[in-house]
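Let's take a walk through this structure together. Keep the sequence beside you as we go from one spot to the next.

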Amino acid sequence: MMALVIEALIALLILTGAFFTLAGSTALVRFPDFFLRLHGPTKATTLGAGALLLAVALYFSWHDGQLRVQEVLIMLFLFMTAPVSAHLLAKAALHLGTRGQVELPRKRAGAAGWHGVPSGRSRSSRRDAASTSAMKKT
Amino acid sequence: MIAAALLIGFAAVCAALLLDLYRIVRGPLLPDRALGLDTLTYNAIALLMLASLHFQQNSFFAAALVIAMLGFISTVALSLYLLRGEVIE
């Protein structure tokens, strides 16, 4: 009974880690702007790697019968260093002025707009179009 | 149960590695490529942990620790290079 519960917990941690790792990398590919792309790896991928490290620590603690802290230390290291490296990357991107060099995704006819608002239908469509064109211009 | 979860985990992490590679190759700007490399190290740690569970070897944490430290230091060095044009003043 105890073994089943621990196995289910480890499998759940592995699935959580796999999901968040894939979500972070998908965000890295799919988001349109560098400052949006920074969100995926710094939050989702960190959580995914942390969940996998916790799964390994739990598995070997249960398998060997003694507490195992090495993976937890790596997890703490990752959680401490991920915001620092993201902050430095954001500072570098601000310094290089990437806002003006980002191209917007092509808008399909009738599809949802860039902000998820259907274009040309809602009351604030003119403002959205104005802000989008302003963003395109800068 | 763990074996099935490991299979899904290997598939997801390998797909994530390919997506990072796409961003590194395609990335329009230099910070994009640096961010892709940073994410690649995180996914390498995730893949190492999955391999550690698959082969039942509990000594993979040393490699993961080295990769984590090298990834952090290389990201900081790349950011400082992009920020100032030189790493060590």
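Start at Gln56(B), which sits in the loop joining helix 2 and helix 3 of chain B (helices are DSSP runs of H or I with at least four residues, numbered from the N terminus). The model is a predicted one, where local features need pLDDT of at least 70, side-chain atom pairs count only at pLDDT 80 or more, and totals for chains, interfaces and linings use all residues. Residues are numbered from 1 along each chain as its sequence is written, while chains are lettered from A and ligands numbered from 1 in the order in which they are written.

What is the phi of Gln56(B)? Its value is near 55°, which is positive although the residue is not glycine. Most residues other than glycine have a negative phi. Gln56(B) counts as exposed because it has 9 C-beta neighbours inside 10 Å (exposed is 12 or fewer other C-beta atoms within 10 Å of its own, buried is 20 or more, partly exposed is in between, with C-beta atoms placed from the backbone).

Now look at where the chains meet. The contact takes 45 residues from chain A and 41 residues from chain B (two residues are in contact if their C-beta atoms, placed from the backbone, lie within 7 Å). On the side of chain B that touches chain A, helix 2 of chain B gives the largest share, 15 residues.

Finally, turn to helix 1 of chain A. Its buried residues include Ile10(A), Leu13(A) and Phe20(A). The buried residues of this helix pack against helix 2 (34–37) and helix 3 (39–64) of chain A, together with helix 1 and helix 2 of chain B.

Key
Helices (H or I, at least four residues) and strands (E, at least two) are DSSP runs, numbered from the N terminus.
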